[in-house]
Amino acid sequence: MLHLAIIGSGPAGYYTAEAALKRWGEEVHVDIFDLQPVPFGLIRSGVAPDHQSIKGVAKRYDAVAQAPNVRFIGKVAVGRDVSIAELQELYDAVVLATGAPSDRALGIPGEDLGNVFGSAAFVGWYNGHPHFADLAPDFAGAHAVVIGNGNVALDIARILAKVPQEFEGADIVAHALDALKGSGIASVTILGRRGPHQIAMTPKELGELGSLERARPRVDPADLPPEVEDAALDPGMRKSIQHLRAFAADTPSDKPFTIDFDFFAAPRALIGDGSVRKVEVERTALVEGRAVGTGETYQVPADLVIAAIGYRTNPIEGVPYDTAAGRFANEEGRILPGLYCVGWARRGPSGTIGTNRPDGFAIVDRIAEDFPAPGNKQGRVGFEALATARGVDFVTFRDWRKIDEAEVARARDGAPREKFVAFDQMLAAAGKH
Ligand SMILES: Cc1cc2nc3c(=O)[nH]c(=O)nc-3n(C[C@H](O)[C@H](O)[C@H](O)COP(=O)(O)OP(=O)(O)OC[C@H]3O[C@@H](n4cnc5c(N)ncnc54)[C@H](O)[C@@H]3O)c2cc1C
């Protein structure tokens, strides 16, 4: 019997478990740990609440989760409740699928002003991640600035721009919906250091901005490269640029909420009086694909700033870490003998949910190469003994089912669920307290 511990129950964790079941069948025991009492990582707490069809992928993980030799061990933070060294004693292989849950710093003056958030925190807040439930962003001002030119920036701009009716069918949590109902925000500026051809925004997400009830996206036609240059782009990117070209066409609109794409715009400082009020921006030019400051500066009004500029994996004691890359130091997923990483913890924060599937299968191939015959490890029995001795009470997949049912039962009309946003609420729903 091979005993496999997977740390993190997001897509990378579940795809790795699926791959392990495919390869070893009944000859493997898989324990999937998560620091949250609820599974699925960013499917639950990252993917936008108004993108339910994407969140539906979690249903596919159920089949894996319910295999008799796969177990969910929730509310156990590896590195805090149990160490990597302890898990390596108990399991043949330990796979870190811990994602990249921390915001990268902007590294500019004023970053610590009030109402300035990273996207992990802000998205976590509207998606009900217990770590960010108390964020309390202030929507009293009129102007928001979102820094970054990826899909997360688009998610945030869209969420800020929507009217309450546009959240029908979404699982945005009540505290966020209530706060947004009273929002005074009337403009979002999306700052990108480079130009339209350098965006990391996909056509679907861009297209959505064109059909919002009260908001209109705007692009300065002067920022767009000559149309002939679009021919060299891959088809997806070409579609994205077509959306930007449509936003640049000067069609009259009485929609009061503006979403402005400000390209070639590098934030240099956040300015405010306790709370942020403006962003100091330097105009850039592209030099060999890099954004280089031109010396021309200007200010953008900003009562709320959200930086969507990427994420970092959290270090864990005893695990080599690549500080520059913000993820575990690894060679194709191998960290140390018996210790592996997968998903965002291996590659950094890029790609779609599906990108993590081949990653999971590849790491299982590597484990198979390294462990032609499993050792004599204790696996879950050993972990249970350790948890009992240490007083670590964990959550099972059956407990999660109870939490899930309770969330569905308390959903507001038209919503798929109303998430619990605190661990103790989740545990109470699971009948644990
Ligand atoms: C805002 C946002 C929106 C996105 N929207 C989309 C989308 O619409 N479509 C799409 O295809 N992709 C989307 N993505 C990308 C997608 O979510 C990722 O590709 C995917 O979630 C990465 O999977 P992962 O398993 O590596 O990490 P995660 O999903 O982050 O899972 C990591 C898990 O590890 C757990 N964990 C972390 N540290 C520990 C620890 N020490 N001990 C125990 N557990 C721990 C976490 O609680 C978490 O459950 C989005 C990402 C973000 C940030």
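Colleague: How many bridges join strand 7 to strand 14?

Modeller: 4 bridges join strand 7 (residues 143-147) to strand 14, and the two run parallel. Strands count as paired if DSSP finds at least two bridges between them. Strands are DSSP runs of E, at least two residues, and helices are runs of H or I, at least four; both are numbered from the N terminus. This is a predicted model: local features need pLDDT of at least 70, side-chain atom pairs count only at pLDDT 80 or more, and totals for chains, interfaces and linings use all residues. Residues are numbered from 1 along each chain as its sequence is written, and side-chain values use heavy atoms, with hydrogens and water left out.

Colleague: What is the bridge partner of Ile147 in strand 14?

Modeller: Ala307. Strand 14 also pairs with strand 6 (residues 116-118), through 3 bridges and again in parallel. There, Val116 has Val305 as its bridge partner.

Colleague: Which way do the residues of strand 14 point?

Modeller: Leu304 and Ile306 point one way from strand 14 (residues 304-307). Val305 and Ala307 point the other way, and all four are buried. Buried is under 20% relative accessible area, exposed over 50%, partly exposed in between, with a 1.4 Å probe and protein chains only.

Colleague: How many bridges join strand 7 to strand 8?

Modeller: 5, and strand 8 (residues 187-191) runs parallel to strand 7. Val145 stands opposite Thr189 in strand 8.

Colleague: New topic. Which residues come nearest to the ligand?

Modeller: Ala12, Asp34, Val78, Trp344 and Ile353, of the 29 residues around the ligand. Near means that a heavy atom of the residue lies within 4 Å. Helix 1 (11-24) and helix 7 (151-161) each supply at least two residues of this shell.

Colleague: How many of the shell residues are nonpolar, polar and charged?

Modeller: 16 nonpolar, 11 polar and 2 charged. Ala, Val, Leu, Ile, Met, Phe, Trp, Tyr, Cys and Pro count as nonpolar, Asp, Glu, Lys and Arg as charged, and the others, Gly among them, as polar.

Colleague: Where does the backbone of Ala12 come in?

Modeller: A backbone N or O atom of Ala12 lies 2.9 Å from an oxygen atom of the ligand. For Pro11, a polar backbone atom is 3.3 Å from a ligand oxygen. For Ala97, the distance is 3.5 Å.

Colleague: How much of the ligand does the protein bury?

Modeller: The ligand alone exposes 1,000 Å², and the protein buries 89% of that. Areas come from the Shrake-Rupley method with a 1.4 Å probe; for residues, only the protein chains shown count as cover.

Colleague: Last one. Is Ala324 buried or exposed?

Modeller: Exposed, because its relative accessibility is 71%. Ala324 sits in the loop between strand 16 (321-322) and strand 17 (327-328). Ala324 and Arg312 are 12 residues apart in sequence and 9.8 Å apart in space, C-alpha to C-alpha.

Note on methods:
A polar contact is a pair of N or O atoms within 3.5 Å; within protein, one must be able to donate a hydrogen and the other to accept it, and residues adjacent in sequence count only if both atoms are side-chain atoms.
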